[in-house]
Amino acid sequence: HEQFIIFDYSKLKNTLIEYGSECIQTIFQHLIKESKDDLNNLLNEFEDTITVLKTPPNQLQMLKKNKDLFKATKEKLSILDAKRDPIKRKFQYIQEQDQDIGPNELSEEDKQKLEGLDDAWIKFNEGLEEANGIINKCYQ
């Protein structure tokens, strides 16, 4: 007679599935945090740069600092522009995964910031032109 031993791996399988799901959830939460941070950092950089550049310099040293900041910002304009699309794609991915992984914890504020990213870029460029005018006016 031949005898077979049957092993029940269902508990091990369930444990591995549960552990895998927890890992996916952790990675997904990290992606959400990273995406929010990237979006906020870019928007803050737009806002902070324009705030500094639009402040009329009252000293020659401040004028030089603003001129240098303006030049540096113009030089990295393509880099700043290139950051927008990856941020949008990350958020799009997060929203697509909502059903598979669970609630994505994107607040209305996050969604509004994301939707306003292109407008913020336009305002940023307009602010740079305005700042350039302010700086050039100081040289006259």
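**Figure 1. Residue classes in the lining of the largest pocket.** In this predicted model, the lining of the largest pocket has five nonpolar, two polar and three charged residues. The residues that line the pocket are Asn40, Leu43, Asn44, Phe46, Glu47, Ile50, Lys113, Ala120, Lys123 and Phe124. Two elements, helix 1 (10-54) and helix 6 (117-139), each give two or more residues to this lining. Helix 1 gives the most, with six residues. The space in the largest pocket comes to about 240 Å³.

**Figure 2. The largest nonpolar core.** This core has 25 residues, and those that touch the most other members are Leu39, Phe46, Ile87, Leu117, Phe124 and Leu128. Helix 1, helix 2, helix 3 and helix 6 are the elements that give two or more residues to the core. The largest share, nine residues, comes from helix 1. Phe46 and Phe124, named here among the core members with the most contacts to other members, also line the largest pocket.

**Figure 3. Surroundings of Leu117.** Leu117 is one of the core residues that touch the most other members. With neighbours within four places in sequence left aside, Leu117 is in contact with Leu39, Leu42, Leu43, Phe46, Arg84, Ile87 and Lys88. Among these contacts, Leu43 and Phe46 are also found in the lining of the largest pocket. Arg84 and Lys88, likewise in contact with Leu117, belong to a network of salt bridges that also links Asp81 and Asp118.

Figure 4. Thr73 is placed in helix 2, and Thr49 is found in helix 1. Thr73 counts as buried because its relative accessibility is 2%, below the 20% limit for that class. Thr49 is buried as well, with a relative accessible area of 11%. Leaving aside neighbours within four places in sequence, Thr73 is in contact with Thr49, Phe124 and Leu128. Along the chain, Thr49 and Lys33 are 16 residues apart, and their C-alpha atoms are separated by 24 Å.

**Figure 5. Asn66, a buried residue of helix 2.** Asn66 lies in helix 2 and is buried, with a relative accessible area of 1%. Apart from neighbours within four places in sequence, Asn66 is in contact with Val52, Leu53, Thr55, Pro57 and Ile135.

Figure 6. Glu45 is in helix 1, while Lys76 is in the loop between helix 2 (60-75) and helix 3 (77-96), and the two are 31 residues apart. Glu45 is partly exposed, with a relative accessible area of 22%, and Lys76 is also partly exposed, at 33%. Another salt bridge is formed by Lys74 and Glu129, whose closest N and O atoms are 3.3 Å apart. Lys74 lies in helix 2 and Glu129 in helix 6, so this pair ties together parts that are 55 residues apart in sequence. Lys74 counts as partly exposed at 35% relative accessibility, and Glu129 is partly exposed with a relative accessible area of 46%.

Figure 7. Asp68 forms a salt bridge with Lys64, and the closest N and O atoms are 2.8 Å apart. The two residues are separated by about one helical turn, because Asp68 and Lys64 are four residues apart in helix 2. Asp68 is partly exposed, with a relative accessible area of 39%.

**Figure 8. Ile5, an exposed residue before helix 1.** Ile5 lies in the segment before helix 1. Ile5 is exposed, with a relative accessible area of 69%. Ile5 and Asp68 are 63 residues apart in sequence, and the distance between their C-alpha atoms is 77 Å.

Technical notes
Residues are numbered from 1 along each chain as its sequence is written. This is a predicted model: local features need pLDDT of at least 70, side-chain atom pairs count only at pLDDT 80 or more; totals for chains, interfaces and linings use all residues. Side-chain values use heavy atoms; hydrogens and water are left out. On a 1 Å grid over the protein atoms alone, a cavity is a set of points where a 1.4 Å probe fits but cannot get out, and a pocket is an open set with protein on both sides within 12 Å along at least five of seven lines; lining residues have an atom within 4 Å of a point. Grid points are joined across faces, edges and corners, and a volume is the space filled by probe spheres set on the points. Ala, Val, Leu, Ile, Met, Phe, Trp, Tyr, Cys and Pro count as nonpolar, Asp, Glu, Lys and Arg as charged, and the others, Gly among them, as polar. Buried means under 20% relative accessible area, exposed over 50%, partly exposed in between (1.4 Å probe, protein chains only). A salt bridge is a side-chain nitrogen of Lys or Arg within 4 Å of a carboxyl oxygen of Asp or Glu. A nonpolar core is a set of buried Ala, Val, Leu, Ile, Met, Phe, Trp, Tyr and Cys residues joined through side-chain atoms within 4.5 Å. Contact means heavy atoms within 4.5 Å.
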